[in-house]
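User: I am new to this structure and would like a close look at a single part of it. Please describe its surroundings in one connected account.

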Amino acid sequence: MNTIVSIQNGKRRRTHKQYVDVLLRNTASGEALPYAICWIDGRTFFIDEILGTTLVPKMPFGTWVWARRYEIRLADHITTLTMEHYEDNQAIGELSYTRWWVNAYDYRDCATKN
């Protein structure tokens with residue numbers, strides 16, 4: 001699990017890469033746009049707005065071929081949704097596939113102390 005420390009509103013919070021299910025809308029022009037994120041516990045969060053997209057080329061030693069980052073707004077929360085695309089590897093019989101993830105807050109940082 002990749003742990004990242006982010007600072008938001010002056011507070012340090014740990015996050016980790018959480019793979020999620022994403023619902024897509026295929027437009028008439030052939031573009032696939034995410035419109036909802038399905039969380040691991042079954043909750044679905046609809047994307048209110050896509051604020052921007054960035055295409056990320058392959059990292060020199062990475063396993064994915066390319067990625068696209070979407071800056072999105074879910075209600076009053078702005079976050080990044082990342083799509084990683086992997087090419088097929090015929091040597092081991094693997095087909096191409098795509099995975100989606102978000103940076104999720106670690107639960108231990110969300111718990112309140114009484």
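Analyst: The account begins with Ile-37, which touches Val-20, Asp-21, Arg-43, Thr-44, Phe-45, Ile-47, Ile-72, Leu-74, Leu-81 and Val-102, residues up to four places away in sequence being left out; contact means heavy atoms within 4.5 Å. The model is a predicted one, in which local features need pLDDT of at least 70, side-chain atom pairs count only at pLDDT 80 or more, and totals for chains, interfaces and linings use all residues. Residues are numbered from 1 along each chain as its sequence is written, and side-chain values use heavy atoms, with hydrogens and water left out.

Ile-37 also belongs to the largest nonpolar core, which has 13 residues; Val-20, Ile-37, Ile-47, Ile-72, Leu-81, Trp-100 and Val-102 are the members that touch the most others. Two or more residues of this core come from each of β2 (11-26), β6, β7 and β8 (97-105). Such a core is a set of buried Ala, Val, Leu, Ile, Met, Phe, Trp, Tyr and Cys residues joined through side-chain atoms within 4.5 Å. Buried stands for under 20% relative accessible area, exposed for over 50%, and partly exposed for values in between (1.4 Å probe, protein chains only). In soluble globular proteins, nonpolar side chains tend to be buried together.

One of the contacts of Ile-37 is Leu-74, a residue of strand β6 (residues 66-74). Strands (E, at least two residues) and helices (H or I, at least four) are DSSP runs, numbered from the N terminus. Leu-74 counts as buried because its relative accessibility is 15%. Beyond four places in sequence, Leu-74 touches Ile-37, Phe-45, Phe-46, Ile-47, Asp-48 and Thr-79. The C-alpha atoms of Leu-74 and Ala-36 are 9.2 Å apart, although 38 residues separate the two in sequence.

Thr-79 lies in strand β7 (residues 77-86) and is buried, since its relative accessible area is 16%. Apart from neighbours within four places in sequence, Thr-79 is in contact with Tyr-70, Glu-71, Ile-72 and Leu-74. Phe-46, in strand β4 (residues 44-46), counts as exposed because its relative accessibility is 52%.

For the whole protein, the elements are one helix and eight strands, in the order β-β-β-β-β-β-β-β-α along the sequence. Of its 114 residues, 27% count as buried. Among contacts with a separation of 6 or more, 31% join residues 24 or more positions apart.
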